[in-house]
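Below is a short note for a colleague who is opening this entry for the first time. Please read the numbered points with the structure in view.

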Amino acid sequence: VHFPDVERVEWLNKVLVQAWPYFGTIMEKTFKEVLEPKIRAKNVHLKTCTFTKIHFGEKCPRINGIKAYTKEIDRRQVVLDLQICYIGDCEIHMDISKFNLGVKGVQLYGTLRVILEPLLTDAPFIGAVTLFFMQKPHLEINWAGMSNLLDVPGINVMSDSLIQDFIAARLVLPNRITVPLKKNMNIAHLRFPIPHGVIRVHLLEAENLVQKDSFLGAIRGKSDPYALLRVGTVQYRSKTVSRDLNPIWNETFEFVVHEVPGQDLEVDLYDEDPDKDDFMGSLLISLVDVMNDRIVDEWFPLSKTTSGHLHLKLEWLALVNDQEKLHEDKKGLSTAILIVYLDSAFNLPKNHFEYSNGECGAKKIKNNKYLKKMEREPSSFVLLTVGNKTQKSKTCNFNKDPTWGQAFTFFVHSAHSQSLHVEIKDKDRDSALGTSVVCLSHLLKDPNMTLDQRFQLDHSSSDSFIKMKLVLRALNVEEPDPQRVKAGVNASKQGPVHVMEKGGNQQKFVSPPKPEVSKVLPVSKDSATLEFLLKKDSREDLDTNGSSAAPVPSEIVAALNEGEHKQNPEHRPSSALHTRAAVVPTLPVVQELKLAPSVASLGSLPSSCFELSSSNLDLQNGTEMPLGEIQLTVRYASIRQSLVVLVNGCRNLVPSSNRGVDPYVRIYLLPDRRWASRKKTSVKKKTLNPQYDEK
């Protein structure tokens with residue numbers, strides 16, 4: 001299956017393979033000359049640190065696919081998503097006093113976004129390159145040395161997760177690495193762009209969840225479900241509803257969305273247990289669709305499980321520079337967002353002031369040793385607080401003019417009454433070096449709701465300042481565009497759409513249509529049910545014309561039919577899968593409808609890179625007469641490196657005898673025809689329209 005917008009860049013991989021040894025040499029030099037002195041300067045105990053072996057190995061990183069965005073973004077930038085996979089055999093060993101520590105191989109995969117902006121009219125044509133991972137990349141490290149102390153199971157997992165968190169803290173959104181390519185380029189606004197918006201998630205209820213609790217392995221008990229909701233590195237946990245397979249939560253969560261397209265809402269359901277919580281299903285929702293629809297209120301089918309639906313209401317809140325939108329919310333939801341760009345501080349005091357009730361008093365210094373410690377420059381970090389949420393900056397060591405260069409976001413309930421509290425603390429002595437309070441009402445006096453200045457620090461030296469930029473933006477739910485075809489349930493990105501059985505039980509899966517939804521059926525992002533209505537002769541025609549316009553999504557066909565029969569409600573098809581369109585529209589019509597967003601927009605998520613969903617293929621035996629149809633969903637999961645085939649079902653099979661038919665499906669992965677690679681579904685008795693839904 002070839003997708004036009006995720007491109008396989010074999011030429012780039014060949015360049016990487018050829019250049020890898022040279023890159024390795026540069027990195028070995030960097031480790032020796034730059035990293036080693038830095039590590040030694042960090043701590044007294046690390047003064048003897050030396051790298052004994054640095055070898056970057058033969059295997060170089062691979063780029064499985066690149067997706068380039070040029071349409072839906074700013075004219076002055078290019079956005080690339082690289083699916084990176086590195087299974088390396090690098091070896092790095094270092095000695096610290098008596099210990100030998102090392103790494104013997106690394107595995108890393110994830111989707112790296114590269115933004116080239118701004119595009120310039122003079123050389124080097126690109127102002128800066130910005131890099132970050134959309135989601136936390138998958139990382140595995142093989143440790144060596146230290147008598148393999150780190151292979152002790154608990155410590156091993158701990159060290160891996162610590163390093164993963166360390167990478168996430170620097171490389172996963174909202175953190176970015178920005179490298180300026182042109183001299184004197186101001187990169188602050190590239191490193192910390194204003195977020196795209198805020199998604200408000202109302203976690204309402206779920207139904208028909210899988211039973212996970214078993215008593216003595218026999219009696220099925222009720223589960224105690226809770227939900228984990230995640231966007232980027234931010235994760236919230238819902239309350240646990242005990243002993244209920246149809247839990248009602250009615251909770252609301254708010255997430256800042258930094259990149260669209262790219263970021264997704266992930267929801268995982270678990271059953272809370274004393275020992276290990278059981279997984280009950282998950283959901284992945286594309287935030288682009290929510291942004292375009294503004295409000296989505298749907299029952300979503302859970303994937304990676306056998307049953308269960310989750311009812312979510314999602315609201316997209318745009319960030320607007322309009323003070324009239326800042327009215328207080330009665331329900332205690334956020335009305336605005338405060339973005340704090342923490343730049344730097346000047347002239348922090350060396351001496352440690354103890355302040356209580358606003359009175360400063362120098363601590364009596366008794367000890368000479370303590371005096372020496374007092375004389376050195378402070379190692380400072382900043383605590384920022386709005387309401388009951390506090391965030392902490394990184395620590396700048398031994399500097400009275402520290403530069404942090406970080407951005408923080410806070411949800412604001414009432415901009416007129418709330419304030420930002422800033423406290424600078426010393427890491428070693430856990431004492432305050434200065435504080436500052438900024439009332440958010442000051443921001444309202446500025447037409448852009450922005451303050452960019454130096455703030456005088458209280459409880460500090462008289463000439464101590466902190467430099468920050470504060471931006472306030474109101475949250476606004478815009479009215480949905482009545483012309484737009486809504487994505488609805490199809491905002492969810494995982495897994496196949498269920499084949500509905502005849503008999504009108506459609507309401508199980510699709511919530512009743514709302515009045516504002518346009519009559520045209522939406523085509524899902526990854527479940528465009530492609531119906532190959534091609535008889536043998538039409539295939540030959542296609543071959544002679546060399547046209548590639550073979551598959552036509554059946555939901556489009558159904559939608560066209562529906563458009564024709566709007567006046568006549570009896571003609572409404574019970575399901576897109578059961579409409580056999582008399583006339584298949586040619587491809588230009590389909591393109592005009594703009595109904596089928598490309599399947600490859602999945603490429604942003606590595607676990608479901610390439611997905612062709614629900615193809616209805618005619619079964620033939622060499623005659624003109626078709627023998628029926630089979631519906632398959634085929635997906636390549638690149639992380640697991642496996643091909644997942646879901647046999648949904650067959651219909652209109654031709655009976656081979658009068659005694660009734662017991663059909664089953666057998667599939668092979670060619671060219672291998674051995675028994676080992678055959679898969680077979682269960683047998684369905686006496687039916688010509690069997691439903692399998694087997695993976």
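1. A charge counts as sitting over a ring if NZ of Lys or CZ of Arg is within 6 Å of the ring centre and within 35 degrees of the ring normal. In this predicted model, Arg454 lies over the face of Phe346, 4.4 Å from the ring centre. Arg237 is likewise placed over the face of Tyr226, at 3.6 Å from the ring centre.

2. On the overall make-up: the protein chain contains nine helices and 36 strands. Of its 695 residues, 45% are buried. Among contacts in the chain with a separation of 6 or more, 65% are between residues 24 or more positions apart.

3. Strand β27 (residues 450–456) is joined to β28 by seven bridges, and the two run antiparallel. Strand β19 (residues 336–346) is antiparallel to β28 as well, with ten bridges between them; Ala345 stands opposite Ile466 of β28 there.

4. Strand β28 (residues 465–477) has a further antiparallel partner in β18 (residues 309–320), through four bridges. Leu319 has Leu475 as its bridge partner in β28. As background, strands of a sheet pair through backbone hydrogen bonds, either parallel or antiparallel.

5. In what order do the strands of the open four-stranded sheet run? The order is β13-β12-β15-β16, and the pairing is antiparallel. Strands β13 (234–237) and β16 (278–286) are the edges, each pairing on one side only. Neighbouring strands of this sheet are turned by 15° against each other on average, direction ignored.

6. Within that sheet, β15 (residues 264–271) and β16 run antiparallel and are joined by eight bridges. Leu269 stands opposite Gly281 in β16.

7. The aromatic pairs number eleven. One of them is Phe31 with Phe51, an edge-to-face pair with 5.4 Å centre to centre and 75° between the planes. Phe31 belongs to helix α1 (residues 10–42) and Phe51 to strand β2 (residues 50–55), so the pair ties together parts that are 20 residues apart in sequence. Phe31 has a relative accessible area of 14% and is therefore buried, and Phe51, at 6% relative accessibility, also counts as buried.

8. The ring centres of Tyr270 and Phe279 are 5.7 Å apart and the planes stand at 70°, so this pair is edge-to-face. Tyr270 is partly exposed, with a relative accessible area of 22%. Phe279 is partly exposed too, at 29%.

9. Which residues do ring pairs link into a cluster? They are Trp20, Phe23, Phe31, Phe51, Phe56 and Tyr86.

10. Is Ser419 buried or exposed? Buried means under 20% relative accessible area, and Ser419 has 15%, so it is buried. Ser419 is found in strand β25 (residues 419–426). Its side chain makes a polar contact with the side chain of His421, at 3.5 Å. Leaving aside residues up to four places away in sequence, Ser419 touches Thr385, Val386, Val437, Val438, Cys439 and Leu440.

Notes
Residues are numbered from 1 along each chain as its sequence is written. This is a predicted model: local features need pLDDT of at least 70, side-chain atom pairs count only at pLDDT 80 or more; totals for chains, interfaces and linings use all residues. Side-chain values use heavy atoms; hydrogens and water are left out. Two strands pair if DSSP finds at least two bridges between them. Axes are lines fitted to C-alpha atoms, for helices over the stretch in contact, and angles run from 0 to 180 degrees between N-to-C directions. Rings of Phe, Tyr and Trp (its six-membered ring) pair if their centres lie within 6.5 Å; planes under 30 degrees apart count as stacked, over 60 as edge-to-face and the rest as tilted. Buried means under 20% relative accessible area, exposed over 50%, partly exposed in between (1.4 Å probe, protein chains only). A polar contact is a pair of N or O atoms within 3.5 Å; within protein, one must be able to donate a hydrogen and the other to accept it, and residues adjacent in sequence count only if both atoms are side-chain atoms. Contact means heavy atoms within 4.5 Å.
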